[in-house]
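Trainee: I have some labels to check. Can we go through them one by one?

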Amino acid sequence: MKKAISKIDKYIIVKFLGTYVFSIILIISIAVVFDFNEKLDKFIKNDAPTSAIIFDYYLNFIPYFSNLFSALFVFISVIYFTSKLADNSEIIAMLSTGMSFKRLMKPYMISAGVIALITFVLSCFIIPPANKSRIDFQNKYVRNKEITHANRVQMQIDEGLIFYIGRFNKNDNKGRELALDKFSEKNLDTRLTAQSFTYNDSNSWTLNNYTIRDLRGTQEKIISGTKLDTTINVTPQDFLVSPTDYELMTSPELYRYIKRQKERGMIDIGGVSLMQFEVEYHKRFASVFSAFILTIIGASLSARKVKGGMGLNIGIGLGLSVTYILFMTISSSFAVSGSMSPILAVWFPNIVYIFIAAYFYRKAPN
């Protein structure tokens with residue numbers, strides 16, 4: 001009875017995962033050095049504490065960027081260690097025993113599956129909450145990208161219920177000019193207005209100098225007052241959107257947020273396109289499959305022993321990596337601008353690379 005995982009499988013899995021971890025350590029170490037050198041002046045200028053630089057920023061910077069480019073680390077790792085195996089004639093020895101290339105791919109797929117599962121869990125559930133410390137540090141000591149003000153916000157918060165504010169300041173949770181209109185079959189039933197307001201918490205609002213107009217029936221009823229505590233199904237998070245907010249949401253939170261904003265007709269929120277949130281949501285799933293596709297390309301490309309050693313394979317691999325990043329960047333830009341659907345934009349590089357994977361797989365040695 002054959003073992004589910006042979007010694008050769010274990011050998012390749014250890015090589016794969018070991019090279020993957022080593023490549024992350026090497027490349028991220030270089031990235032940290034360059035990032036620190038670039039931001040050093042701002043750290044000094046803004047008196048950033050050493051403990052905050054290490055624990056709040058770089059301790060979260062490392063897993064974030066490692067996970068962000070995980071599929072490419074997989075690609076580079078596969079090309080490097082497989083080229084080395086081929087250069088040492090180990091691939092030839094494996095195939096000479098009667099093992100097919102298809103069978104040889106088994107440990108590669110197992111390793112890619114382990115990495116894909118880990119990166120998926122990290123990107124969907126673990127890293128987003130941890131990003132808060134990193135982004136808070138950037139806003140405080142590097143460059144503040146947080147959106148704290150909103151002007152002329154209008155949204156549908158329920159069927160026939162339109163919410164409007166003229167201005168809002170997150171720093172004190174206060175604003176001016178609020179209106180809440182209730183429609184029924186295109187007819188305005190009631191209109192609530194306030195000269196100023198304060199957001200408390202949990203959808204609780206305090207309205208100052210308010211007026212309620214009831215337009216139902218033959219006579220208009222008006223109720224006025226100086227202060228009114230009420231509940232409105234809106235929070236500042238619904239209209240105060242920073243460019244990095246999607247990095248703070250787990251995948252379930254991201255899904256609910258996108259769905260809620262679409263229902264309210266909020267496609268562009270404070271200059272930030274909702275498409276950016278959709279691209280991020282679908283990218284977390286596409287990255288799982290990209291790990292398998294890039295593994296097949298890397299193994300198929302590097303399994304043949306070529307003249308000149310592994311340099312040619314690594315060169316081709318780096319070229320394909322750059323092309324993959326280029327495809328992802330361009331297609332994501334098209335999605336944000338509305339020229340392409342977010343799903344197609346995120347999956348387009350994978351679709352292209354599936355054909356590349358099929359080509360190299362057919363050319364692989366057997």
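This is a predicted model: local features need pLDDT of at least 70, side-chain atom pairs count only at pLDDT 80 or more; totals for chains, interfaces and linings use all residues.

Mentor: Residues are numbered from 1 along each chain as its sequence is written, and side-chain values use heavy atoms, with hydrogens and water left out.

Trainee: Why is Glu 185 called exposed?

Mentor: Its relative accessible area is 72%. Exposed means over 50%, buried under 20%, partly exposed in between (1.4 Å probe, protein chains only). Therefore Glu 185 is exposed. Glu 185 sits in the loop between strand 3 (174-184) and strand 4 (187-199); strands are DSSP runs of E, at least two residues, and helices runs of H or I, at least four, numbered from the N terminus.

Trainee: What makes Ile 27 partly exposed?

Mentor: Its relative accessible area is 34%, so again it lies in between. Ile 27 lies in helix 1 (residues 7-45).

Trainee: How do you know that strand 4 and strand 5 pair?

Mentor: Nine bridges join them, and they run antiparallel. Two strands pair if DSSP finds at least two bridges between them, so these two qualify. Arg 191 stands opposite Arg 213 in strand 5.

Trainee: What makes strand 5 and strand 6 a pair?

Mentor: Ten bridges join strand 5 to strand 6 (residues 221-231), so this pair qualifies too. Ser 204 stands opposite Thr 231 in strand 6.
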